[in-house]
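User: I have a structure open and would like to go through it piece by piece. Could you take my questions as they come?

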Protein chains: 2
Amino acid sequence: MQASRYLIATQKETPADAEIISHQMMLRAGMIRKLAAGLYTWLPLGLRVLRKVERIVREEMDKSGAQEVLMPAVQPSELWQESGRWVQYGGELLRMQDRHGRDFCFGPTHEEVITDLVRNELKSYKELPANFYQIQTKFRDERRPRFGVMRAREFIMKDAYSFHLNKESLNDTYQVMHRTYCAIFDRLGMDYRPVEADSGAIGGSASHEFHVLASSGEDAIVFSTDSDYAANIEKAVALPPQGPRPAPTVDMKETNTPGQRTISDIANFLSIEASTTVKTLLVKAEEDENGNSGLVALVLRGDHNLNEIKAENLPGIAEPLTMATDEEIEQAVGCKAGSIGPVNLPVPVIVDRSAAHLADFVCGANKDDFHLTGVNWERDLPLPRVEDLRDVVEGDASPDGKGTLEIRRGIEVGHIFKLGNKYSSAMNATVLDENGKANILEMGCYGIGVSRIVAASIEQNHDDKGIIWPEAIAPFEVAIVTLNGHKSPAVQEAGERLYTQLRQAGFDVLLDDRKERPGVKFADIELIGIPHRLVVSDRGLEAQTLEYKGRRDADKQDIALDEALPFLINQSPRNGL
Amino acid sequence: MQASRYLIATQKETPADAEIISHQMMLRAGMIRKLAAGLYTWLPLGLRVLRKVERIVREEMDKSGAQEVLMPAVQPSELWQESGRWVQYGGELLRMQDRHGRDFCFGPTHEEVITDLVRNELKSYKELPANFYQIQTKFRDERRPRFGVMRAREFIMKDAYSFHLNKESLNDTYQVMHRTYCAIFDRLGMDYRPVEADSGAIGGSASHEFHVLASSGEDAIVFSTDSDYAANIEKAVALPPQGPRPAPTVDMKETNTPGQRTISDIANFLSIEASTTVKTLLVKAEEDENGNSGLVALVLRGDHNLNEIKAENLPGIAEPLTMATDEEIEQAVGCKAGSIGPVNLPVPVIVDRSAAHLADFVCGANKDDFHLTGVNWERDLPLPRVEDLRDVVEGDASPDGKGTLEIRRGIEVGHIFKLGNKYSSAMNATVLDENGKANILEMGCYGIGVSRIVAASIEQNHDDKGIIWPEAIAPFEVAIVTLNGHKSPAVQEAGERLYTQLRQAGFDVLLDDRKERPGVKFADIELIGIPHRLVVSDRGLEAQTLEYKGRRDADKQDIALDEALPFLINQSPRNGL
């Protein structure tokens, strides 16, 4: 591509409303432009990267034996009513009516459509397993779209759906997809981790997320120091503390704690560690058969965080997890939220494993401005139901018994699920087995956030000058910068000759032949993040040399003009092309 | 691809609701499935064809210097309000509200979005001309979606938009796009014609449509027998008849014509040719400044059809063309529609050129059950305003003065427009010219119906056995059919070896290794339309031969097993690959 005929829409200023590096750099490098909240146009330079990501995803999916299809973006409500999600999906589902007043949505995902297709097309176990995928524009009406294409409303996703006669076959394909995802993220040049994840609202029995590690990540990812264990913090099990609970050493006493509401208030006021206190949170209980729902108290150590996913997955607790209001607390307990405690609490209590291991702890007295100190389970109150309720913290023992846990930030770029028969059962998708008997299909589903990958890659690959693309997805692999080519026919001609030579050898080349000052061109090429830069100048041509600089290199070097191609082949991981 | 692991979803029965060949064959060959009215899923086999079409379109657009972008499918209403189309576009625009109650639409086209982008990004004439394109899913909420992907609601379009400092530059790019479209349709192997077209509701000064000739086409296309003249019938000029109008030979008389309402009624009743009668149609006139609108009479020869596009483009006539209701006719004229005539008609009259050339003609008497015979212009009534109001008919003189006109049916697969400043002016899109003065941009736009091309190709390439793909877009170029491969390891092995060999040579190959009877496999391969078929059988292997049959061949032939590759290279237009 010749830059003089190409939209190089770089910007010097960092856009004020872009919070994270990738969003800033995609705007500054001229890769995307915002049309409306969560809606972005991909400019030519950005689209080149997106298409390269798509191609890698497609090639590896094809290699895995998955078959590419393309389903409509617009989906009729009837199928979503069959699965029950027309109501469940909530505000993220962009609904619309056609000219005849019939309900449709802009598909955020395609379980219903593919299940409908498969129940019509596949009749026999002989046609299984089958795995269908598409690379398509989706829409999720995020309440707070942000971070550019990282969390956009309209985005490009690779979604795949597999169908099986039984769980063994599903397990096999699940493993194939796990390997395929690793192959994809390897080729994309990403530093990523597959981690155990909660199956969440989409349903199903097991799932893994693929996270790109980056400090801007919205998820906390947990790793073992000594094993392969890795999980989303949502899912990571906090083991019970080892050994018996210490014995009580002091008596329970009521203490006046005027105006002390938070754990840190209390810890400061009483000069104790937060880890010797407990906090008591009231949440909605599951509705009974009459549709009534009371409250449940969740008790955690003062320094621990409630893990909402773990809590809402427990029987007896309303899903999604809903905190009691101040009025409900006042009515049920007779005090404000900051003074609740488990002693004589008139609602059912569930205590976290770590909190259940405390002795001589401090808690609210269920009376405003009063706390209890020296509280002990099984002496001052019965030990209630014990569960894993908290987020793990750094230094916790790894659930697999090997090493301790570390926590890093991750960006979710892929997710694989064993769906089981959630959709096939609701939609009666069956095939005949070897005995001619109708069997409900087992399903898996497998997503990759194609457009998000572009942003995630930048989060991992940048410096203060701009983006540093991995070669596999760089918009151009090589930039040839001509210095004053519009004044020097020799430079212009040498640049064009080199451009043709490198393109013929299979390189993606940008010839920066713009009438701009060298400093402007160099800054743009670095901001855009092109891995290899060659400079053609009059001075170089006199010496029959080019100047080379790799995007990650500190220094530039001169190379012989007629050695450019072998030099580049040697630099590139595609060695020998 | 191995057919045993691939969705071959062929059907024997012709689907009852598919009217045209391409729709029937795309369903029968397992290329598409209907999700809802006008919404289709592309199955693996169909998607392969679609992707090949896309690739050809993309390669030629890139070659033309156009730059690929990707704009959001969902567009905010604000831009459509700026251009005035939020109201004008009518029922085909699929509108929706997001969770915050803001209005959006699913883009049927992207003039507004690209104009908004360009007014923000391009500042100087130095950045012009620029031509941006995308290949994207669009939605038009057709009142009557039909013919499968030929007229679907959701479809894939290549849309391009060019921007220019002046009309000369627009003309240059328009010519480049005209040539690019010819290159695309040539590579797609289509029998097509570029024809002059009406610029229609999208606005602008000139346009050409690219039509694929097929009897199922929804458009009538007009050609000269002796020149390159070609136009959509909407646009084709009907020249005025040559020579002076014949002189009157009879007196005007009123004739009782009880119950005779249509032109053919009258012609039969009076035993005359329809071409000696006129019909008078009442339509709405343009609103005056007070919003009132009267009627206008359009007079045509009895055997001619009103060309609605020509009529509504005339000053004084409401757009879109709106026929007067029975009540309005009764009120204005005092008779029913079948008895109107131009003599003493109390509304303004426009007469078609051919009707204006008649002498001694028959028309309604503006009195139920009465007609006038022997009517003559400028004797019995003044000659009103004369315009070209009718569709041309076969045998009319070509508007370029060379030869006469023929009419064929066409499927519109491409359309190029000179938009002028319709959008740039409404949205104030300017750049600075050489003198630093802001200039409203000139625009062109260029569409190709990517998904429609797949259907249009089938309309041109099929026989009673199925589709006959041009090689460039065949889902597979070669089918290797193994006969009883599941019983004969030698056949299976030879098939797989050949499959590998041909794939390594760059052919797209389907290995039909299914456990099906030979007849079933042969029928499927013919229905699917794969250009080259090779059969591996035990009998053939004994003689070291394969059986070859081209999809268009009447007979099969034996070829040497080890000559398969050179033989195929010789058969294929990609000769030598």
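User: To start, what do the buried residues of α1(A) pack against?
Analyst: The buried residues of α1(A) pack against β1 (32–36), β2 (39–42), α11 (450–460), β24 (462–463), β25 and α13 of chain A. Before going on, please note that this is a predicted model, in which local features need pLDDT of at least 70 and side-chain atom pairs count only at pLDDT 80 or more, while totals for chains, interfaces and linings use all residues. Residues are numbered from 1 along each chain as its sequence is written, chains are lettered from A and ligands numbered from 1 in the order in which they are written, and side-chain values use heavy atoms, with hydrogens and water left out. Helices (H or I, at least four residues) and strands (E, at least two) are DSSP runs numbered from the N terminus, and contact means heavy atoms within 4.5 Å.

User: And how many residues of α1(A) are buried?
Analyst: Seven of the eight residues of this helix, residues 21–28 of chain A, are buried, so it is largely enclosed by the rest of the structure; buried means under 20% relative accessible area, exposed over 50%, and partly exposed in between, with a 1.4 Å probe and protein chains only. The buried ones are A:Ser22, A:His23, A:Gln24, A:Met25, A:Met26, A:Leu27 and A:Arg28. The helix is followed by A:Gly30, whose phi is positive, near 75 degrees.

User: Which residues does A:Gly466 touch?
Analyst: Not counting residues up to four places away in sequence, A:Gly466 touches A:Met25, A:Glu526, A:Leu527 and A:Arg551. A:Gly466 lies in strand β25 (residues 466–467) of chain A and is buried, with a relative accessible area of 0%.

User: What about A:Asp524, buried or exposed?
Analyst: A:Asp524, in helix α13 (residues 518–528) of chain A, is buried, with a relative accessible area of 8%. Leaving aside neighbours within four places in sequence, A:Asp524 is in contact with A:Ile8, A:Thr10 and A:Arg514.

User: Switching to helix packing, at what angle do α2(A) and α6(A) cross?
Analyst: The axes of helix α2 (residues 44–63) and helix α6 (residues 167–187), both of chain A, cross at roughly 150 degrees and come within 9 Å. Here axes are lines fitted to C-alpha atoms, for helices over the stretch in contact, and angles run from 0 to 180 degrees between N-to-C directions. The two helices are therefore roughly antiparallel to each other, given that angles under 35 degrees count as roughly parallel, over 145 as roughly antiparallel, 65 to 115 as roughly perpendicular and the rest as oblique.

User: Which residues meet there?
Analyst: From α2(A) they are A:Ile56, A:Val57, A:Glu59, A:Glu60 and A:Met61, which meet A:Met177, A:Thr180, A:Ala183, A:Ile184 and A:Arg187 in α6(A).

User: Over in chain B, how far apart are the axes of α2(B) and α11(B)?
Analyst: The axes of helix α2 (residues 44–63) and helix α11 (residues 450–460) of chain B are 9 Å apart, and the helices pack at an angle of about 115 degrees. That makes α2(B) roughly perpendicular to α11(B). In this contact, B:Val49, B:Leu50, B:Val53 and B:Glu54 of α2(B) meet B:Val450, B:Ser451, B:Ile453 and B:Val454 of α11(B).

User: How many disulfides does a search of the whole structure find?
Analyst: The search finds zero disulfides over all chains, where a disulfide is a pair of cysteine sulfur atoms within 2.5 Å. The sulfur of A:Cys105 is 16 Å from the closest cysteine sulfur, in A:Cys445, which is too far for a bond, and A:Cys105 is buried at a relative accessible area of 0%.

User: Last topic, backbone geometry: which residues does a cis peptide bond join in chain A?
Analyst: A cis peptide bond joins A:Leu128 and A:Pro129, with omega about -5 degrees, and A:Pro129 sits in the loop between α5 (111–121) and β7 (130–139) of chain A. In chain B, the peptide bond from B:Glu319 to B:Pro320 is cis, with omega near 0 degrees.
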